Amino acid sequence: MAGRFAPKPTRTTVRGGHAPLPAATGALDLGLTLGPLRRGPADPTFRATPDGSVWRASRTPDGPGTIRIRTDGAEAWGPGREWLLEALPALLGADDDPTAFVPRHKLLLATLRRRPGLRLTRTGLVLESLIPSVLEQKVTTHEAYGSWRTLVRKYGEPAPGPAPDGMYVMPDARAWTRIPSWEWHRANVDGKRSATIVRAARVAARLEEAAHMDPPAARKRLELVPGIGPWTSAETIQRSNGAPDEVTTGDLHLPGIVGWALAGDRTADDEAMLELLAPYAGQRHRAARLILLSGRVPPRRAPRMTPGDITAL
């Protein structure tokens, strides 16, 4: 999706459940911008439809809501509709400044030219990014996506409005704390990850405050919860706060991908990755996103990690 957006909606249009897209300079690629919010192809909270619409079901401070975003505007339903429409500019990268990024490698320059519509989204919601990030700790994405689908469908609620079939709003904080241990097990979530989610849900109000904090302070707030470390806090704050410099460390693959793309070093560790990204201080997360979008990854030398399954134990 490219081109300029219509003027920012007034509060009257927001109350009506419909709003034009916010004003923005330059191109915007809706799929690239909102893609990080999708947890797998069957995520019950996210849907891209053939007509070019992107649907999201979220639990806002005002309650559940569904938003449909199209090239000609956005519509929202449910108690959280007004909140979703007011948060739409940030969701589409209005707070992001892509001109602050100066490519210093040919690969990144070429990728930026091919992907000019990348913006860093800012949801303003912490728990909806934190919980799936915890589910992704030390397991394959296939396992984590399956657990997220199972739990949201069983303990969430159908998305408000004329949302596509099968869309759900994730459970509220209290519901996460009341999931029985055997249901976590059936969802293929071990005790360590489930305990972390329960601890986070019990202090959800304090964690949601992090969406309005500077990214370093926001990550520090999240990491006060046992079980939430640098990897999880970075993955969360990148989405909730639109943080352009919060690069993910502790990842199994990212250091090798960055090392290979920028220096031909597939054995790079976190320290080497951060050194390579140092010229992009302030924009390291964007640099990493562009590297991933470039498609330049080291050739695989070992089989993929075998997904685990504790449901039959």
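Okay, hi everyone. Ground rules: the model is predicted, so local features need pLDDT of at least 70 and side-chain atom pairs count only at pLDDT 80 or more, while totals for chains, interfaces and linings use all residues. Residues are numbered from 1 along each chain as its sequence is written, and side-chain values use heavy atoms, with hydrogens and water left out.

Let's start with the strands. Two strands pair if DSSP finds at least two bridges between them. Strand 3 (54–60) and strand 4 (residues 63–70) pair antiparallel, over seven bridges. A hairpin of two residues connects strand 3 to strand 4, and Thr60 sits opposite Gly63 in strand 4.

On we go to strand 5 (residues 73–77), which is antiparallel to strand 4, with five bridges between them. Here too there's a hairpin through two residues, joining strand 4 to strand 5. If you want a spot to look at, Ile67 stands opposite Ala76 in strand 5.

Is strand 4 largely enclosed or open? Seven of its eight residues are buried, so strand 4 is largely enclosed by the rest of the structure. Buried means under 20% relative accessible area, exposed means over 50%, and partly exposed is in between, using a 1.4 Å probe and protein chains only.

Now, the tryptophans. Rings of Phe, Tyr and Trp (its six-membered ring) pair if their centres lie within 6.5 Å; planes under 30 degrees apart are stacked, over 60 edge-to-face, and the rest tilted. There are four aromatic pairs in the structure. One of them is Trp55 with Trp77, stacked at 5.6 Å centre to centre with 15° between the planes. That pair ties together distant parts of the chain, since Trp55 is in strand 3 and Trp77 in strand 5, 22 residues apart. Both Trp55 and Trp77 are buried.

Trp176 and Trp184 are stacked as well, because their ring centres are 6.2 Å apart and their planes are at 25°. Trp176 is buried at 0% relative accessible area, and Trp184 is buried at 4%. Ring pairs also bring in Trp148, giving a cluster of Trp148, Trp176 and Trp184.

Next, the second largest pocket, with a volume of about 380 Å³. It has 21 lining residues, and the closest to its centre are Pro61, Trp83, Gly124, Leu125 and Glu208. A pocket here is an open set of points on a 1 Å grid over the protein atoms alone, where a 1.4 Å probe fits, with protein on both sides within 12 Å along at least five of seven lines; lining residues have an atom within 4 Å of a point. The volume is the space filled by probe spheres set on the points, which are joined across faces, edges and corners.

Strand 3, helix 6 and helix 11 (204–208) each give at least two residues to that lining.

Lys138 isn't a glycine, yet it has a positive phi of about 60°. Look for Lys138 in the loop between helix 6 (127–135) and helix 7 (141–155); it counts as exposed, at 80% relative accessibility. Asn188 also has a positive phi, near 70°, in the loop between helix 9 (181–186) and helix 10 (191–202). Asn188, though, is buried at 12%.

Terms used. Helices (H or I, at least four residues) and strands (E, at least two) are DSSP runs, numbered from the N terminus.
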